[in-house]
Amino acid sequence: MSNPKVGLTIMKAMPLHRGHELMIEFGSKMMDRLWVVVSGKLTDSIPVATRYNWVCEYVERNNLRNVGVIYHIDESPAPVNVDENGTVLDPEFQEYWKNEFARMVPHATHFVSSDMYGKTMSDLLGIKWLPVDPKREMINISATLIRNDPVTHFGMISDVAKPYFTRKIAIVGPESSGKSTMIEQLAEHFGSEIVNEYGRTLSEVKGNDMTKEDFLDIMNGQQALIDIVSNKAMSPFVFIDTEAYTTYLFSKIYLGEYMDEILEFGHEQDIDHYIVLAPNVDWVDDGTRILGDQQKREQFFEEIIDILQKQDKSFEVVEETDYRERFWVSVDAVNYVKHQLIEGN
């Protein structure tokens with residue numbers, strides 16, 4: 001019986017992308033055992049632990065039973081001499097990695113790599129090089145390209161890493177301020193997913209006779225929908241029709257008292273940006289709305305602003321009365337979030 005083929009590969013996975021996935025799955029099929037080293041500096045913009053968890057989750061989701069994942073903190077000296085293929089030629093650098101690989105996977109027989117430096121490293125280790133698309137002819141992407149513009153290259157990010165780059169934007173405001181229409185328009189403009197208002201769904205079934213338990217169901221149901229859609233998002237933006245703060249304010253209107261636990265939930269809710277629509281457009285009675293008094297609509301609006309300001313939340317107020325102008329102001333708000341996403345990576 002021949003000796004088992006033991007593969008070794010290394011990646012920063014910053015972030016994990018389709019090219020990494022190809023390398024992992026190819027190595028899994030070609031090797032009896034594959035070890036994936038996820039390495040990085042403690043100063044990296046994305047923590048090593050986060051990236052390690054992505055790779056572990058990807059391996060588990062795809063049932064790659066012969067693949068193991070190793071967490072590694074990179075303490076190598078800064079490279080100085082690098083060739084045109086990205087191979088570091090510094091003897092100290094090469095010696096560091098030779099020793100680290102020998103320590104982590106002492107019985108490796110193959111070095112699996114999608115970069116040309118794999119040949120140099122396999123020679124140093126005295127093992128075979130197993131190249132995987134080193135010229136990027138199958139999957140033309142790099143982690144650097146993604147970090148520089150995660151919006152454009154969102155589709156190349158591994159599904160397990162996409163939530164990290166997904167931004168949740170809540171559209172809030174009093175009744176009949178155009179939230180549902182705005183969400184549909186923004187989703188179409190940016191090619192994004194939406195999360196509908198679960199409170200409306202529940203009230204249409206139950207009518208306006210709501211209980212505290214109903215409001216907790218609305219709070220938890222809305223969050224469940226946010227989690228489900230965000231974890232499967234195919235674009236970097238998810239537009240959400242209302243959230244916990246809105247539910248909190250409606251609890252007073254329906255029940256005669258505020259439900260503080262919903263307010264506390266809202267403080268911890270993972271919303272990246274709020275677009276607040278002012279009640280300066282006509283109120284329309286659709287059969288489910290109860291807040292037709294303009295003074296109460298304005299009070300509702302002011303209370304939302306007050307909460308967001310006190311909690312130092314990121315938000316934009318849209319006060320234009322023309323619906324097209326409201327839309328383009330909201331587009332600008334999303335573009336601000338887009339800019340922050342790009343600059344933050």
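Select Phe237: this residue is buried, with a relative accessible area of 1% (buried means under 20% relative accessible area, exposed over 50%, partly exposed in between, with a 1.4 Å probe and protein chains only). The model is predicted: local features need pLDDT of at least 70, side-chain atom pairs count only at pLDDT 80 or more, and totals for chains, interfaces and linings use all residues. Residues are numbered from 1 along each chain as its sequence is written, and side-chain values use heavy atoms, with hydrogens and water left out.

What kind of aromatic pair do Phe190 and Phe237 form? The pair is edge-to-face, 5.6 Å centre to centre with 75° between the planes. Rings of Phe, Tyr and Trp (its six-membered ring) pair if their centres lie within 6.5 Å; planes under 30 degrees apart count as stacked, over 60 as edge-to-face and the rest as tilted. Phe190 lies in helix α7 and Phe237 in strand β8, so the pair ties together parts 47 residues apart in sequence. Helices (H or I, at least four residues) and strands (E, at least two) are DSSP runs, numbered from the N terminus.

Next, select Phe250 and Phe300. Their ring centres are 4.9 Å apart and their planes at 50°, so this pair is tilted. Phe250 belongs to helix α10 and Phe300 to helix α12, 50 residues apart. Both Phe250 and Phe300 are buried.

Then select Tyr96, Trp97, Phe101, Phe111 and Tyr117, which form one aromatic cluster. The structure holds 15 aromatic pairs.
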